[in-house]
There are 4 protein chains.
Amino acid sequence: MKAAFIGLGSMGLPMAENLLKAGVDLTVWNRTKSRADGLIAQGARWADSPSQAAQGQQIVITMVSKDSVLEEVTLGEHGFASVLSNDAVHVSMSTVAAETSEKLRAAHQARGAHYLAAPVFGRPDAAAAKMLFILSAGPAAARELAAPYLAAMGQKTFELGDEPRLANVIKLCGNFMIMGLIESMGEALTLCEKNGMPRQLFIDILSQSIFPAPIVANYGKQIAEQGYEPARFKLELGLKDANLVLQTAAEAGMAMPLAQLMQARFQTAVANGRGEWDWTGAAYNISADAGIKP
Amino acid sequence: MKAAFIGLGSMGLPMAENLLKAGVDLTVWNRTKSRADGLIAQGARWADSPSQAAQGQQIVITMVSKDSVLEEVTLGEHGFASVLSNDAVHVSMSTVAAETSEKLRAAHQARGAHYLAAPVFGRPDAAAAKMLFILSAGPAAARELAAPYLAAMGQKTFELGDEPRLANVIKLCGNFMIMGLIESMGEALTLCEKNGMPRQLFIDILSQSIFPAPIVANYGKQIAEQGYEPARFKLELGLKDANLVLQTAAEAGMAMPLAQLMQARFQTAVANGRGEWDWTGAAYNISADAGIKP
Amino acid sequence: MKAAFIGLGSMGLPMAENLLKAGVDLTVWNRTKSRADGLIAQGARWADSPSQAAQGQQIVITMVSKDSVLEEVTLGEHGFASVLSNDAVHVSMSTVAAETSEKLRAAHQARGAHYLAAPVFGRPDAAAAKMLFILSAGPAAARELAAPYLAAMGQKTFELGDEPRLANVIKLCGNFMIMGLIESMGEALTLCEKNGMPRQLFIDILSQSIFPAPIVANYGKQIAEQGYEPARFKLELGLKDANLVLQTAAEAGMAMPLAQLMQARFQTAVANGRGEWDWTGAAYNISADAGIKP
Amino acid sequence: MKAAFIGLGSMGLPMAENLLKAGVDLTVWNRTKSRADGLIAQGARWADSPSQAAQGQQIVITMVSKDSVLEEVTLGEHGFASVLSNDAVHVSMSTVAAETSEKLRAAHQARGAHYLAAPVFGRPDAAAAKMLFILSAGPAAARELAAPYLAAMGQKTFELGDEPRLANVIKLCGNFMIMGLIESMGEALTLCEKNGMPRQLFIDILSQSIFPAPIVANYGKQIAEQGYEPARFKLELGLKDANLVLQTAAEAGMAMPLAQLMQARFQTAVANGRGEWDWTGAAYNISADAGIKP
């Protein structure tokens, strides 16, 4: 197995490491080279640009922070789209708008290459533990080619058919579900605290009764403790995702009032200097508005 | 074991039946007598009023639809409070306001009896299957006395200390978490459908990845299918609970915007004749507002 | 002309003074006697209780802070309802729930007296300047009897027919319109400031173009300057009114999302110690959430 | 006086007519030529493209439906930017994003021409009656040159300084104020109706007391009657404006919950086929949600 990996942020780095461990012959590129030092020590090759990294590859994996960066590394001056060989597959794992997927798919298609949308659920610790859930959507042949690589990075891959955009929509919807959970727990915990109850007690009961999911226990603990730093997923990225959700909803012609509430929460947090906090920090203002400071 | 059981609605009936099965000598009362026929056939005694049912009992269990009914059966003309023997325990399992608990506790205390708040998580099918989660808060002796009865009705009892009101607040917060889940799934599923995806697919992915809780699978299936009838928990009771949540928040001096959103959803549903639907039907309007009718 | 006047707060005092100026033989009562000193110096009589004040009167005017106080001075231990002579009229000018009006109407009717709901639009400066707008609803004979007294306190009286509750609903709706204006201007002014514009400029343009109403200029100036103290109408009373609006809506079976937003704004302000500010201070948080402190 | 006028929609047509009446030598262009017939009969010249219309002009006025159209007629293939003579002024009167103004200003500046943002308050009837309020922002010389033209189209011009974007922001804020008024009146009128009151009565009282502005009387009458057709300003343009407001807020880094509420109202209306209604029709759903159909 052989691949290029572009983007070594808090998610990309552990994902690339798992590919190396699985024996993949890996060429990497990142805006800041020093992030790659550990991987190089473990045998990864360094490339000086996305296009150089993709030279002669059948699989090019991207994991970058946002839509504009994804477009830049793919279609920009040093982007790799122009060097993709025939039938090569771009495995695009970032959380981006469905329309960004559409655009890249069209660009690759024009050159005979393929686009696979493969966004993931999970934060950096899950990436490190190979516990990611991966959504895979694109042409069947591309999905087949990518499958072993995805298997090396996650605990389960959901095959979602031929349309890349569907994976992006589902990924956004999943993140939106988590936003809803943050708001729900934030309001409930504040009401508990206002009534003289220890915040953690409510999370313990919840996670041992009607909501027995690790996400409730983990996110709940952070919000119960109001421990929003350091970030596991930055609040400013939460705002980006809320914006993407609402943009997708606007294109679909529908209202999403809970998504609007979360957008407002994230906007308020960023406007008050909390963009670097974990996105559970959206709950900070619920308590602050009630007169409670952690 | 011996007890009175007051209120044989869709929850009370299967709960009383489980007490009978556990060998409890049970006296029952309900507004409509015919609801008790099956229990009487299984050995329960019928009483003509709450006060008659409670005569000589150490344990009186109530499971009624709302605060005003609870006050009526307890403190009203034929209410049982006046006949409670010394150290008897009123096990109050309905979802009611914390201040209703306070009021009843004071009323019982004045006569030497005890009040135990013991609200439950679970719908009628969970009650029938003895799968309820029960929250128990009140004087230690009362909790001890009630414990075997609660064990006969649920899968797990959470002991929450001496203050009855805490159990009510936690119960309301739990129901509020479910409301948040209904809204989150309703918006997400509508966005999926608007993007040409089968609704159930999203629930399958969600419940097999980041939200592996039965409640997500079960409620999600209902909302995915827009199958809101018959009700497992009536929407008009959801409105009652949203009102109780907001009343508790107002007393605590805090804003709960997501609870407000859900109150508005339930009000809109009831105003349009959907009060008898299941409370997941709050999601109906999300799709209808987007131009989708099931 | 002769009347009793109960409640000498920031509204009641100037209103009573205008009655005196119009030559009314006035007996007054207030919780704190010292508030009446000026009126007594101008010829008003002091009474030691609401019931003493109402002794032998055909007209009893009340202007108190909230529903519970109105019920106390009317129906409480020293309330005046029991001493009202036949065909006497209770002119109730406070902002209260429609159902409070219903309750008092029934209480008076049982004794042969009449209830007139006569809430007002205007803050203390308008009361002092006899510029109040008055809504009058109740039996025709009662409205006729009260008319000259109302004329002595306001610039215009709207006759609204026989049902007292309608005046209360309209008064609440009017206050709700002002709440909507506060939020609208608060959001707009924050957007202007964020774009480098002087806040007052927007109010000047607005009040000289599409919104040429004094309320826009006056309230707008306060919000533009973020000058929320001293209060002309206390924010905690704004919360009371938002609660009354939502209670009325709940009884009517309808959702009012903008009223919910304002309730949340007021709750947040009170929870953070701003209950004594002017109710335009609801706009403080709009700017604070955007990272702007006045 | 001599000018080109581009865009003869429901607003542009009466505005152009007023210029003709004021003696302006007018060359016009519109996507659909037949809209210009009346103007040509009154002496206007027809041009086959925006660029042809602008040939040799010092003043080019645009009044088109949205940002993309404005960019097309200005910078597109047949756009007029490339033919503008030195020191010519583009008087841009549409409601567009501040950033669209920035973009066009830069484009003109590069060629030595000027950009003046001059959006208006008023619907077609106000345009016909020369009753528009006009906001004028741009270089002093450009404002001076444009002043007599603007005076021929409106009742008052507000001079807002050198930055075109400020006029756009103020225009959006003004439209946002109207949205807030629509929601406020819609909720209040529904509450009145639910309480058995004639809807118009509330508007009469409001416009004769605390809100004595024509906009309250006019918009209020439409909402009271639920007379949403034919449109005077299309609801789908209201959605466009709500989107622009929120986009501007997002760029400024702030939350605008009332603007979000209105965006959701408009999205819901458009999704249900009411995009061609007047934008007061946003209030339709408030009543429908309460179970009231007009």
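The stops below run from a whole chain down to single residues.

Before clicking, know that this is a predicted model, where local features need pLDDT of at least 70, side-chain atom pairs count only at pLDDT 80 or more, and totals for chains, interfaces and linings use all residues. Residues are numbered from 1 along each chain as its sequence is written, chains are lettered from A and ligands numbered from 1 in the order in which they are written, and side-chain values use heavy atoms, with hydrogens and water left out.

**Stop 1: chain A**

The C-alpha trace spans about 65 × 45 × 35 Å along its principal axes. Colour by accessibility, and 62% of the residues in chain A count as buried (under 20% relative accessible area, with exposed over 50% and partly exposed in between; 1.4 Å probe, protein chains only).

**Stop 2: the largest core**

Now the nonpolar cores (buried Ala, Val, Leu, Ile, Met, Phe, Trp, Tyr and Cys joined through side-chain atoms within 4.5 Å). The largest has 196 residues, and those with the most contacts inside it include A:Phe5, A:Met93, A:Phe202 and B:Phe202. Zoom in on A:Phe202: beyond its neighbours within four places in sequence, it is in contact with A:Leu189 and A:Cys192, among others, and with B:Ile170, B:Cys173, B:Gly174 and B:Met177 (contact means heavy atoms within 4.5 Å). A second, separate core of 162 residues includes C:Phe133 and D:Ile178.

**Stop 3: D:Phe176**

Jump to helix α8 of chain D, residues 164-194, and pick D:Phe176. Is D:Phe176 buried or exposed? It counts as buried, at 0% relative accessibility. Its contacts, leaving aside residues within four places in sequence, include C:Ser184, C:Glu187 and C:Ala188 as well as D:Val245 and D:Ala259. D:Ala259 is 83 residues away in sequence, yet the C-alpha atoms are 7.0 Å apart.

**Stop 4: A:Tyr219**

Finish in helix α10 of chain A (residues 214-225), which holds A:Tyr219. A:Tyr219 is buried, with a relative accessible area of 6%. Not counting residues up to four places away in sequence, A:Tyr219 touches A:Arg123, A:Ile178, A:Ile182, A:Met185, A:Trp279 and A:Thr280.

Definitions and conventions: Helices (H or I, at least four residues) and strands (E, at least two) are DSSP runs, numbered from the N terminus.
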